[in-house]
Amino acid sequence: MNSCLRRHAVVTGSASGIGRATALRLAADGYHVFAGVRREADGSALAADAPGAGILTPVILDVTDAGQITAAAQAVRGHLAGRGLDGLVDNAGVGVSWPMELIPLDMLRRQLEVNVVGQIAVAQGFLPLIREAAGRIIMLGSIGDRLTIPFGGPLNASKYAVHALTDALRLELGPWDIKVVLIEPASIRTPAVAKLAADAERAVNEFSPAGRELYADAYRGMVRRALAREQDGSDPAVVAAVIAGALSARRPRRRYLVGKDAHVLAVLARLPGPLLDAVRRRIFGLPRPGSATQGDRQAS
């Protein structure tokens with residue numbers, strides 16, 4: 001039998017950002033954490049920062065790799081020896097921002113494969129262990145599941161899907177007293193923010209010449225404004241604290257808003273459609289409706 005008397009949790013996407021902060025927070029709170037990473041070096045660095053030896057176990061886990069999910073679940077099962085898994089934090093994800101007219105379809109498929117299919121693949125892989133302990137599943141969504149931003153369609157689509165899947169899981173798993181919780185972060189300062197400008201410029205370079213003419217200025221303007229907001233965002237530790245609370249609360253809420261501007265943006269999302277569109281255009285510096293057509297008329 002397993003002699004480890006700690007609670008046990010799996011956290012995906014633990015190499016950086018919210019996943020890393022969550023893995024370390026749960027380890028500090030007394031969990032034995034199985035931290036999913038895609039590279040051994042990331043796992044070693046994470047284990048070195050854990051608050052004690054033997055309480056954080058890195059596992060190689062790419063959420064799009066069925067073999068790795070199976071192997072990780074088997075490794076966790078071997079350690080648990082029948083005790084069951086107390087928590088799964090389904091955090092791994094990527095973010096793609098492109099004009100919908102131009103995005104390569106393989107890139108869109110990859111966005112959905114990681115953020116949507118990957119989330120459910122992991123949940124399916126670990127649910128037998130969760131059921132044994134009547135554990136909990138924490139799904140990482142975003143304020144973007146309420147409020148779509150221009151050029152953020154691919155990422156927002158994945159977050160809307162995660163919201164729907166979380167609701168379905170919560171209802172379907174209720175008979176086994178398995179709680180399923182959605183976390184909706186807003187502005188969070190993570191390493192991904194530092195990559196945003198470079199990724200955006202790389203995207204513009206991949207636009208066709210015609211696409212660049214159509215979208216480059218508005219797209220770059222959106223990125224500048226979004227970058228300024230994210231750089232001033234909350235520390236990932238704020239999200240980790242909410243996740244820890246959702247795992248331990250006797251009656252967790254269905255959804256948790258967290259991070260700078262989260263509640264303001266949630267209110268904004270409830271504005272009437274035309275007004276909401278006008279506000280989004282102003283926030284992100286988009287040209288007014290019809291302006292490009294008027295320009296074409298004047299040029300002719």
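1. Four aromatic pairs are present in this structure, which is a predicted model. One of them joins Phe 151 and Tyr 215 in an edge-to-face arrangement, with 6.2 Å from centre to centre and 85° between the planes. This pair links distant parts of the chain, as its two members are 64 residues apart. Phe 151 lies in the loop between strand S5 (136-140) and helix H5 (153-173), while Tyr 215 belongs to helix H7 (residues 209-231).

2. Phe 151 has a relative accessible area of 12% and is therefore buried, the cut-off being under 20%. Phe 151 and Tyr 215 also belong to a cluster linked by ring pairs, together with Trp 98, Phe 207 and Tyr 219.

3. Arg 7 places its charged end over the ring of Tyr 31, 4.1 Å from the ring's centre. Arg 131 lies over the face of Trp 176, and here the distance to the ring centre is 4.4 Å.

4. Val 89 is a residue of strand S4 (residues 87-90). Its relative accessible area is 1%, so Val 89 counts as buried. Leaving aside residues up to four places away in sequence, Val 89 touches Val 10, Val 11, Thr 12, Thr 22, Leu 26, Ile 138, Leu 140, Ile 243 and Leu 247.

5. How far apart are Val 89 and Pro 191 in sequence and in space? The separation is 102 residues along the sequence and 19 Å in space, taken from C-alpha to C-alpha.

Notes:
Residues are numbered from 1 along each chain as its sequence is written. This is a predicted model: local features need pLDDT of at least 70, side-chain atom pairs count only at pLDDT 80 or more; totals for chains, interfaces and linings use all residues. Side-chain values use heavy atoms; hydrogens and water are left out. Rings of Phe, Tyr and Trp (its six-membered ring) pair if their centres lie within 6.5 Å; planes under 30 degrees apart count as stacked, over 60 as edge-to-face and the rest as tilted. Helices (H or I, at least four residues) and strands (E, at least two) are DSSP runs, numbered from the N terminus. Buried means under 20% relative accessible area, exposed over 50%, partly exposed in between (1.4 Å probe, protein chains only). A charge sits over a ring if NZ of Lys or CZ of Arg is within 6 Å of the ring centre and within 35 degrees of the ring normal. Contact means heavy atoms within 4.5 Å.
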